[in-house]
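Subject: the model, and what turned up in it

Hi,

Here is the structure I promised to send over.

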Amino acid sequence: MSEQALATTAPPDGAATNGIRILTRTLTVSTGGRVELINITERIAAEVRSSGVRDGVALVSSLHTTLALFINEWQQALLDDIRGFIEQAVLREAYYKHNDPQFSDCDRSNADAHLRALLLGHHLVLPVHNGELVLGTFQAVILAELDGPRERSLQLQILGTA
Amino acid sequence: MSEQALATTAPPDGAATNGIRILTRTLTVSTGGRVELINITERIAAEVRSSGVRDGVALVSSLHTTLALFINEWQQALLDDIRGFIEQAVLREAYYKHNDPQFSDCDRSNADAHLRALLLGHHLVLPVHNGELVLGTFQAVILAELDGPRERSLQLQILGTA
Amino acid sequence: MSEQALATTAPPDGAATNGIRILTRTLTVSTGGRVELINITERIAAEVRSSGVRDGVALVSSLHTTLALFINEWQQALLDDIRGFIEQAVLREAYYKHNDPQFSDCDRSNADAHLRALLLGHHLVLPVHNGELVLGTFQAVILAELDGPRERSLQLQILGTA
């Protein structure tokens, strides 16, 4: 394994000491289906650009138990495979206590959505460098609605040097 | 997708430049079963409140390979479903090299616990805003003991503006 | 649950207010198999040591959709179990649209690698305390090549107090 310091913004040793800068936002998104994948890459990248943070990290958090976030390639055929995988890994129609009025007061019958979010995860931390979100060529930031359609919220914290 | 700046603490552009503040703690927890889910939301929220960090992030890390952390709803029926899902996704009684004295010096026969932690993840990064942990209405911070009972440790780093 | 403040570096209340310091690096790694697990713990720990960050967090991000990162024990028998689990949880030879020229222009037939990375996750955030990476006794930082062999890149951001 080799190492390569990024020379564009950092002093010779690759480190900087500066004042901290933080941007805090709540983003809202309207989803259109029960299960739906939405590409939010450009939305997050635009927030990073306008944050004034030069080097740091961006935390994107779902504020819902049935709304997940993940990184992958935004290609329609693959998105269909991802959706198929999620739906097969956690079946909607199996028996769940959470869907049984004898044990639960939840009237959404959405245990599958809770378990699918457990698999995918509820937040992402992404690198910010030189004032830009850092992603690989084929990486997209993808929101997974698992129990929509609904109005949803994401919490965004962009933290680093000014 | 629309955007809504939180107006409560931030200057007009939603950003702040301040001194950095960090709180570092090791939390310990005693677990009571081999597989057990424990709600640590209030514990983490109290640490955030006492940290003096106003806006930033809180990293909660398991310091064990068989202790996981995740976010979901704290409802007994759902917790039973989650536990059932974990135990079904990775069977305890299957053959694992890690449990075979021919290949492994581990005497706990806990390969299932390692694989279950792999699925769930070992850490969470949570937003802090206005001096409070930010979670959605139904979101709880849940610790998953997968090979207890034991005395366990979590590393907590709360980082942001003072 | 009890709490224990780390006394080694922090003032009495366990918090510090200091200037922020950040190290940004791109690390490269050459992988040698289609599916391969690589221990990068010492590489990350050395970067933390040389970063000048005393207390904070280290973000390690895969810059590829088919390269994952996770924490677990570095033991050969367990690594074989982990590899077996990944390969069984997402079969390579199943039908995927992403591998079907009728729906996809991807010529790598690597849908399995995308789905396996979805399960494992693309990044880790690790605690830094007293100038050192904080990991439990048996925790290793493991890179999972899922569609190699290739030349791969990781983005590393180490952020905290100087």
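Starting from the N terminus, the elements of chain A come in the order β-β-β-β-α-β-β-α-α-β-β-β-β. That makes three helices and 10 strands in chain A, where helices (H or I, at least four residues) and strands (E, at least two) are DSSP runs, numbered from the N terminus.

Some housekeeping before the rest. This is a predicted model, with local features needing pLDDT of at least 70 and side-chain atom pairs counting only at pLDDT 80 or more, while totals for chains, interfaces and linings use all residues. Residues are numbered from 1 along each chain as its sequence is written, chains are lettered from A and ligands numbered from 1 in the order in which they are written, and side-chain values use heavy atoms, with hydrogens and water left out.

**Inside a chain**

Chain A has 162 residues, and 64% of them count as buried. Buried here is under 20% relative accessible area, exposed is over 50%, and partly exposed is in between (1.4 Å probe, protein chains only). As for contacts (heavy atoms within 4.5 Å), take those in chain A with a separation of 6 or more: 85% of them come from residues 24 or more positions apart.

Helix 1 of chain A covers residues 41-51, and its buried residues are A:Thr41, A:Arg43, A:Ile44, A:Ala45, A:Glu47, A:Val48 and A:Ser51. In general, an α-helix has 3.6 residues a turn, so residues three or four places apart point the same way. Just past helix 1 of chain A comes A:Gly52, with a positive phi of about 80 degrees. Over in chain C, the buried residues of helix 1 (residues 41-51) include C:Arg43, C:Ile44 and C:Val48. C:Gly52 follows helix 1 of chain C, and its phi is positive, near 80 degrees.

Most residues other than glycine have a negative phi, and most peptide bonds are trans. Here are some spots to check against that.

- A:Ser109 is not a glycine, yet has a positive phi of about 50 degrees. A:Ser109 is in the loop between helix 2 (76-89) and helix 3 (111-120) of chain A, and is partly exposed, with a relative accessible area of 34%.
- C:Ser109 is not a glycine either, and has a positive phi of about 45 degrees. You'll find C:Ser109 in the loop between helix 2 (76-89) and helix 3 (111-120) of chain C, partly exposed at 34% relative accessibility.
- A:Gly148 and A:Pro149 are joined by a cis peptide bond, with omega about -5 degrees. A:Pro149 is in the loop between strand 9 (140-145) and strand 10 (151-161) of chain A.
- C:Gly148 and C:Pro149 also have a cis peptide bond between them, with omega about 0 degrees. C:Pro149 falls in the loop between strand 9 (140-145) and strand 10 (151-161) of chain C.

**Side chains**

A:Lys97 lies over the face of A:Phe103, 4.8 Å from the ring centre. In chain C, the charged end of C:Lys97 sits over the ring of C:Phe103, at 4.7 Å from its centre. The test for a charge over a ring is NZ of Lys or CZ of Arg within 6 Å of the ring centre and within 35 degrees of the ring normal.

A:Cys106 is partly exposed, with a relative accessible area of 22%, and B:Cys106 is partly exposed at 21%.

Chain C superposes on chain B with a rotation of 120 degrees and 0.0 Å of shift along its axis (RMSD 0.0 Å), by least squares on the C-alpha atoms of residues with pLDDT of at least 70 in both. The two copies are thus related as by a three-fold rotation axis.

Where chain C meets chain A, the contact takes 42 residues from chain C and 46 residues from chain A. About 3,600 Å² is buried between chain C and chain A, and carbon and sulfur atoms give 61% of that; buried area is the accessible area (1.4 Å probe) that two parts lose on being put together, summed over both. On the chain C side, C:Ile20, C:Ile22 and C:Leu118 lose the most area to chain A, together 18% of what that side buries. Only 14% of the interface residues of chain C are also interface residues in chain A, so these copies meet through different surfaces.

Cheers
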